[in-house]
Every structure is written in structure tokens, then in C-alpha cells.
Amino acid sequence: MPLQSISHVKRLSRVGVYADPDNRNHIPEKLAQNRENIEILLAGEVFYPNERGQNQRFGRGTIFWHRSGEFDIFNNTVSSSRYRCAVFTFEVTSFNRPVPSIGQWQDPGTLENFIHEASELFLSPQTDNEFLTIWCYGTLLRQFITTGFCAGETLPPLLQNALLHINTRIPDAVSIKELTDTVKCSSVQLHRLFMQHLKMSPGEYILRQRLLHAANLLLSGLAIQRIADECGFQSVPGFYNAFRKVYHCSPGEYRGRAAFCNNMKLNTSK
């Protein structure tokens, strides 16, 4: 991969998580000039044209690398499955696509940690945006080193069904018994599949997905008590403890960092 692949990148301007709306009326967005959008599917499934122009079904871990003038994946969801995706937006001086338009995250177990860490660093006022831009862009490019075009979801069907059930139930808490009954397997087999492919237990994955949803709701201004209730936590202290373990700050601090960054962006744009 030539070094000039990253020379056109000015800065990272957004890190966020988008959830497919219940009414499915979201209009696909056309990417503005001098922008690159990288979407990573975290949950659910979408139909999207592959490199041959054929609609193909894609699942968790798929990377969609959009350039200026292209449309995002919104409104291409599979009807039975709401999707959620992480979104990285880069300001660029020109566009010369460095990689294919579709790829696959190489190690499923590292995906959640990357999203959490990138979001936390982006919201921190102490973070140097130049270094963060290089790290995020380089990490995304790295996923294309050993593979070009993504052929689709590669996780075992049983694990795919488990993830689909969890992600369609988010933000509700899903019990392990409910999960094993749904996918017709033992708890031992389910635990083995999660640890082998995602490097975390089913319970940890469920909790992280609920917290990811909670983090997204915090940016909407919803009351913390209501967010805790909506995400299935029995008490606000329990929500605080779980959130702090993953994001290393309280929900209030997370919201404050987001507000600070938004104000900084507004002041800079004036």
C-alpha cells in the first residue's frame, strides 16, 4: 500500500454510532465533497451492491468505505434486522480511494474495543486530533492488508443467529437461557463460540451492546435515569458502575465531554 494513501487526509471530524430508526424512513445521505465516510456494521444486516453491482447481504464487521458523492448504507437494512454501525468521517483534500469500497474487520474480538477507545479519545479535549486521525485511519486501512473485497459474513451460522437475536433485542437485557433456547445450543457451546470468534463471553457482549446503546442515548440529552431504565439496568448506580468499567468515566462525564467537543467545533467554525 503506497504511503501517499494517507497524505490526502486532513483530520478526523466525527466518530459516532448510528442506529437504524424504528420507522425505517431515514433517507440515505449523499457524502459531501472532501469527505470520506467509513461505516463499520456492528449489528444487524444490510443489503448493499458489491463490486460487481449485485445486491449482497452483509453482517457484523463489514466495512463500507465511502467517498464524496456516494450514498451511505442507510435504508438498505434487511427487513427482519435493525442495524447499527460505527461511523468515522475524515476531512480530505482529494479522493483517491486507497482500498476497495467493502472490506471486513479482521479480528472480531478487537472491534468493540477499537470503537470504544476511538470514541473516548475523540471526545477527550486532551486528545491531539492529528495523532488520533493517523491512528484511526491507519487502523482502518490495516483491515484491508490481507483481504480486498469482502465476500460477506464469515462467522458460524449459529453465532450469527445469536448476534442477530441480541442486536434485535437491544437495549433489552437478554438472558443466556433465552439465547440458548433461541439458537438451539448449550450454554457451553455458545460460550465457546463467543470466546473463539469475539474474544468475550456472551454476557460481556450483551452488556457492551447495551452500554454502546446507552452511550449513543447520552448524546441525545435524554435523562440518565431514563437511559438506565431503557437499557435494562435495575438501578442508576448499577448503570454508573457498568458504564465506568467500559468507558472509564461516568455517564455524566461522557455527556459533558461530548458537549465540550461540540462547543469547540462550533467556535472553530465561526
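Residues are numbered from 1 along each chain as its sequence is written, and side-chain values use heavy atoms, with hydrogens and water left out. Because the model is predicted, local features need pLDDT of at least 70 and side-chain atom pairs count only at pLDDT 80 or more, whereas totals for chains, interfaces and linings use all residues.

Helices (H or I, at least four residues) and strands (E, at least two) are DSSP runs, numbered from the N terminus. In strand S5 (residues 62-66), 5 of the 5 residues are buried, so the strand is largely enclosed by the rest of the structure; buried denotes under 20% relative accessible area, with a 1.4 Å probe and protein chains only. In a regular strand, side chains alternate between the two faces of the sheet. Thr62, Phe64 and His66 point one way from S5, and Ile63 and Trp65 point the other way.

Strands are taken as paired if DSSP finds at least two bridges between them. S5 runs antiparallel to strand S2 (residues 35-43), to which 4 bridges join it; here tryptophan 65 is the bridge partner of isoleucine 38. Strand S7 (residues 102-104) is also antiparallel to S5, with 3 bridges, and its glycine 103 is the partner of isoleucine 63.

Elsewhere, Glu112, Asn113 and His116 of helix H1 meet Tyr205, Arg208, Gln209 and Leu212 of helix H6, contact being heavy atoms within 4.5 Å. By class, this contact has 2 nonpolar, 3 polar and 2 charged residues, where Ala, Val, Leu, Ile, Met, Phe, Trp, Tyr, Cys and Pro count as nonpolar, Asp, Glu, Lys and Arg as charged, and the others, Gly among them, as polar.

Notes
Buried means under 20% relative accessible area, exposed over 50%, partly exposed in between (1.4 Å probe, protein chains only).
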